[in-house]
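Biologist: I am new to this structure. Can we go through it in short steps?

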Amino acid sequence: MPDQTRIGVLALQGDFAEHIHMLELLGVPAIEVRKVEQLEEIDGLIIPGGESTTIVKLLHMFEFVDALRARVESGMALWGTCAGMIVIARELADPYPTPLDLIDINVARNYFGRQVDSFEAELYITGIEGDPMRAVFIRAPIVQSTGDSVETLAVVPAKEDGTPEQAVAVRKGRVLATSFHPELTEDTRLHALFVSLAEESRTDSTDRSPIRQTTEESPSTV
Amino acid sequence: MATSTTNGTAKGAQRWKEMSKPEVGDWRVKGGLAQMLKGGVIMDVVTPDQAKIAEDAGAVSVMALERVPSDIRRDGGVARMSDPDLISGIIDAVSIPVMAKARIGHFVEAQVLEALGVDYCDESEVLTPADDEFHIDKWQFKMPYVCGARNIGEALRRIGEGAAMIRTKGEAGTGDVVHAVTHARQILADIRAIQNAPTEELMSLARDYQAPYELVVEVARTGKLPVVNFAAGGIATPADAALLMQIGVEGVFVGSGIFKSDNPAKMAAAIVKATTHYNDPDMLAEISRGLGDAMSGIEANKIPQEQQLQTRGW
């Protein structure tokens, strides 16, 4: 078992380099994940911003889907930002693409409109102390509804034009999803929160690993 | 400055000052969409059906056109912005972002594209330029722009005018990647030269490159362009895409290369895969199998200078 928590950033497409930069600022080693075997080497995976349709297709093309589900079920931390949130949702408001159902949320894509309607906002987020975070919304999705025990961490308030309050950051256990792009700012607080979830995951698997070694592996490989 | 002004250049200079402040949204939101396209392939399409094929193959965006560049080259005549019905039809057909081209300097075509809800405008040398001297003042738009560049000076001039994304100006419609390679290498070499120069030489470099000084300083500080840098022009195979990615661009445009190949759906998916696994020769070998013929193409260096598209704009 490695002595440091390792984070992977899915590098099939999107702004994975920006996430890796944020993790570097926190002193946390991060790898670009392009092959499914790499999921075994990490305690937490970030699915970055990008084009959700493209990322879902590439996850299928490169046979990530089952392995990713198995790793999340065995406790690996997971965070989807923007496109990443869409990819891991249970269900989308529009029929296409089919998301991976890794957190029980229903997501509406491009909720705020097309690119010309993209914007930034100040956001208070449960679990993030101090000043609000500057949140960058780019063709952003929102969470329309959440399943049992999914916690809403942040909302965009209702607007005067009648647009109701919308959830833009949610969490269930070690799975986190955000509509916006903290990786496009200098604010590392959400990344620090995610690293703590991955640390939990590593500690868990370290606790279990002696049992795993004696029961699942032959003595010669121990 | 004591008085406020609506002059575009002054506004541009002001925007550059503001850009360094984290609270300014417009720039980060514009440049941010380009960040989301990184590691991806943007494909030229001329019908909603082609747009669907591109989306299904994993394109991150499509460029809505009436004719792909190789047909524009063949047909001659004046090439203009596409029909709004065509662009709207493509916007309705796909969920990925849609780009469209305006003629160099034709800010009214750009206004129309913005009104149509186009996600990105390509102020493109592939269309017949509308202005021999001036490019569009891109700061005046909420819609972000991608512009072509052959070297750092051209790239920084376009960014100075408000472009949120840069691409090479490889000779469009040829299927010959040589000039995309030349331009990508030139831009990266210029960046290295700026990065290695002592600060007192930066003003002279800005003069030599005919580039805004503030942007030269920014390149010296960061060692990269202030916006995303893609390759475009002549890319026709998965290996072409991976070549440009290994040279150091952040994604690729494929124009005629897909829908002028034998099997567009297969070629499109293969180029998408190669752009992700650009650094993995075993994967690239697998990806390159059984694609049928790439577009036939013309050797770009045999095209007389006055017929080259890349020399349009400055």
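Modeller: Gladly. Keep in mind that this is a predicted model.

Biologist: Which residues are buried in helix H10 of chain B?

Modeller: H10 spans residues 213-222 of chain B. Buried here means under 20% relative accessible area. The buried residues of the helix are B:Leu215, B:Val216 and B:Val219.

Biologist: Why do they lie on the same side of H10(B)?

Modeller: The face turned away from the buried side carries the exposed B:Glu214 and B:Arg221. The buried residues B:Leu215, B:Val216 and B:Val219 lie on the same side because they cover an arc of only 105° around the axis.

Biologist: Is A:Arg139 buried or exposed?

Modeller: A:Arg139 sits in the loop between strands S8 (133-137) and S9 (142-146) of chain A. Its phi is positive, near 45°, though A:Arg139 is a residue other than glycine. The relative accessible area of A:Arg139 is 7%, so the residue counts as buried.

Biologist: What relative accessibility does A:Asp101 have?

Modeller: A:Asp101 is not a glycine, yet its phi is positive, about 60°. It lies in the loop between strands S5 (89-92) and S6 (103-108) of chain A. A:Asp101 counts as partly exposed, because its relative accessibility is 41%.

Biologist: How much space lies in the largest cavity?

Modeller: The structure holds three cavities of 30 Å³ or more. The largest is lined by 26 residues, with B:Asp44, B:Ala172, B:Ala232, B:Gly233 and B:Gly255 nearest its centre. By class, the lining has nine nonpolar, 11 polar and six charged residues. The space in this largest cavity is about 220 Å³.

Biologist: Which elements give two or more residues to the lining of the second largest cavity?

Modeller: This cavity holds about 130 Å³ of space. Of its 14 lining residues, those closest to the centre include A:Gly50, A:Glu51 and A:Arg139. The elements that give two or more residues to the lining are helix H4 (83-88) of chain A and helix H2 (25-37) of chain B.

Terms used
Residues numbered from 1 in each chain as written. Chains lettered and ligands numbered in written order. Predicted model: local features only at pLDDT ≥ 70, side-chain atom pairs only at ≥ 80, totals over all residues. Heavy atoms only, no water. Buried < 20%, exposed > 50% of the residue type's maximum accessible area, 1.4 Å probe, protein only. Helix = DSSP H or I, 4+ residues; strand = E, 2+ residues; numbered from the N terminus. Arc of directions from axis to C-beta. 1 Å grid on protein atoms, 1.4 Å probe; cavity = no way out; pocket = protein on both sides within 12 Å on 5 of 7 lines; lining within 4 Å. Points joined across faces, edges and corners; volume = space filled by probe spheres on them. Nonpolar A, V, L, I, M, F, W, Y, C, P; charged D, E, K, R; others polar.
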